[in-house]
Amino acid sequence: MVDAVNDRLKLPKYVEMPGGVAPVTGCSVGEIAPLVVLANFNSHVLRAEPLLDNVTVKKEAGWEVATVTGEHRGARVTVCNAGIGAGSTSNVMEELINLGGKVFIQVGATGAIQEHIGMGDIVVPTGSVRDEGVTRYYAPRQYPAVADYRIVGALVSAARAAGKTVHTGIIRTTDGFYPSQRIEKYVRRYSDLGVLSVEQEVSAILTIASARGCYAGASLVVVGNLVTGLHAWNGDEVELVDNDYFDQIRFVLDALVSLKDELH
C-alpha cells in the first residue's frame, strides 16, 4: 500500500537541480570529502579556508550555505555551514551524506547548566537528549542520539592537547534558543539529571549519522552558563564568540584527520 501511494505521489527520495547539483549546499558528486566539519556560520567556513591546503571547492549556495573542501595534514576535508537548529542541520547533512560525507564533527557553542562548567570550557557530548522536532522523522523516540566513542576520544585528546578544559557527558538539544534558557523548570529538570549543557543541533547530527551509517561527534565551546548567569552575548567574555567559537576548528581538524583510517 505504501509503495502504491509513493508511486502515485511521485515522492522524490532526494532532490537534484540540473547537472546533479544539490539545492541546499550547491555541491555535486566529487566535491564533498568523507571527513566533514560542520559549522554554524558562513563566516566560520570562510575563516577555515586558510587552514586548509590545496583547496579545490569553495562555494556559497543560495540557501546561505558555504562549503570549502581542501586538505589538512594530507587528508581531504570538507568544512560546511549547516546553519542554526536541527532542521537546517538535517537538510545540509542529508546532502553531504549523499555526496560522500561519512565522518562528521560539529564545531558549535553551548550554554552550560552545571555550575562547575566554566566559560570557555569545551563540552564533548557522549550523547544528547532529543528535545527537538526533526529526528522523529528518522527514528522512534526511544532511539538514542549517541556520539561515536572514537570521535569522543579523539576530540578529548585533541582539545586537552590544545590546553582546553574538557567535559564529557550528556547534553540537551532543543529547538528553542530563548525558551531553553528562560524557562526555569526545564533548566532545573535537566541540570538535576546531570545534563551538562543545552544547544540546538547535536541530537540531529548524531541521530542522522547513526541512522544513515555514518559517524558523528561535536566540540562545543561554553559561551554561557544558565546557572551562574554569565553569557558572552550579554557582554561577558565576548571573545569567546569572536574567537574561541571558531578556534575549536584547529583541534577538531586534528581529531578528524586522526580518525581517517579507522572510520570508513
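Phe177 is partly exposed in this predicted model, because its relative accessibility of 34% falls between the limits of 20% and 50%. Tyr178 is exposed, its relative accessible area being 57%. Another pair joins Phe177 to Trp233, again edge-to-face, at 6.4 Å centre to centre and with 85° between the planes. Phe177 belongs to the loop between β8 (166-174) and α5 (179-182), whereas Trp233 belongs to the loop between β10 (215-225) and α8 (239-258), so this pair ties together parts that lie 56 residues apart in sequence. Trp233 counts as partly exposed, at 48% relative accessibility. Through ring pairs, Phe177, Tyr178 and Trp233 are linked into a cluster.

**Helix packing**

Two packed helices are described by the angle between their axes and the distance between the axes. Helix α3 (residues 86-98) and helix α7 (residues 202-211) have axes that come within 9 Å and cross at roughly 30°. Because angles under 35 degrees count as roughly parallel, α3 is roughly parallel to α7. The crossing in which α3 passes α7 is right-handed. On the α3 side the contact consists of Ala86, Thr89, Ser90, Met93 and Ile97, which meet Ala204, Ile205, Ile208 and Ala209 of α7. By class, the residues of the contact of α3 with α7 comprise 7 nonpolar, 2 polar and no charged.

Helix α4 (residues 149-161) packs with α8 at an angle of about 140°, the axes being 9 Å apart. The two helices, α4 and α8, are therefore oblique to each other. The passage of α4 across α8 is a right-handed crossing. From α4, the residues Ala154, Leu155, Ala158 and Ala159 make the contact, and from α8 the residues Phe251, Val252, Ala255 and Ser258. The contact of α4 with α8 divides into 7 nonpolar residues, 1 polar residue and no charged residues.

**Buried positions**

Pro125 is found in strand β6. Pro125 has a relative accessible area of 1% and is therefore buried, the limit being under 20%. Apart from neighbours within four places in sequence, Pro125 is in contact with Ala147, Val152, Gly169, Ile171, Val202, Ala218 and Leu220. Between Pro125 and Ala211, which are 86 residues apart along the chain, the C-alpha atoms are separated by 18 Å.

Asp121 is located in the loop between β5 (103-112) and β6 (122-131). Asp121 is likewise buried, with a relative accessible area of 12%. When residues up to four places away in sequence are not counted, Asp121 touches Thr165, His167, Leu220, Val221 and Val222. Asp121 and Asp244 are 123 residues apart in sequence, and their C-alpha atoms are 9.7 Å apart in space.

**Positive phi in loops**

Most residues other than glycine have a negative phi. Glu64, which is not a glycine, has a positive phi of about 60°. The residue Glu64 lies in the loop between β2 (53-60) and β3 (66-72), and with a relative accessible area of 63% Glu64 is exposed. Arg73 also has a positive phi, of about 50°, although Arg73 is not a glycine. Its position is in the loop between β3 and β4 (75-81). At 63% relative accessibility, Arg73 counts as exposed.

**Accessibility of the residues discussed**

| Residue | Relative accessible area | Class |
|---|---|---|
| Glu64 | 63% | exposed |
| Arg73 | 63% | exposed |
| Asp121 | 12% | buried |
| Pro125 | 1% | buried |
| Phe177 | 34% | partly exposed |
| Tyr178 | 57% | exposed |
| Trp233 | 48% | partly exposed |

Notes
Residues are numbered from 1 along each chain as its sequence is written. This is a predicted model: local features need pLDDT of at least 70, side-chain atom pairs count only at pLDDT 80 or more; totals for chains, interfaces and linings use all residues. Side-chain values use heavy atoms; hydrogens and water are left out. Helices (H or I, at least four residues) and strands (E, at least two) are DSSP runs, numbered from the N terminus. Buried means under 20% relative accessible area, exposed over 50%, partly exposed in between (1.4 Å probe, protein chains only). Rings of Phe, Tyr and Trp (its six-membered ring) pair if their centres lie within 6.5 Å; planes under 30 degrees apart count as stacked, over 60 as edge-to-face and the rest as tilted. Axes are lines fitted to C-alpha atoms, for helices over the stretch in contact, and angles run from 0 to 180 degrees between N-to-C directions. Angles under 35 degrees count as roughly parallel, over 145 as roughly antiparallel, 65 to 115 as roughly perpendicular and the rest as oblique. A crossing is left-handed if the near helix is turned anticlockwise from the far one by less than a right angle, and right-handed if clockwise. Contact means heavy atoms within 4.5 Å. Ala, Val, Leu, Ile, Met, Phe, Trp, Tyr, Cys and Pro count as nonpolar, Asp, Glu, Lys and Arg as charged, and the others, Gly among them, as polar.
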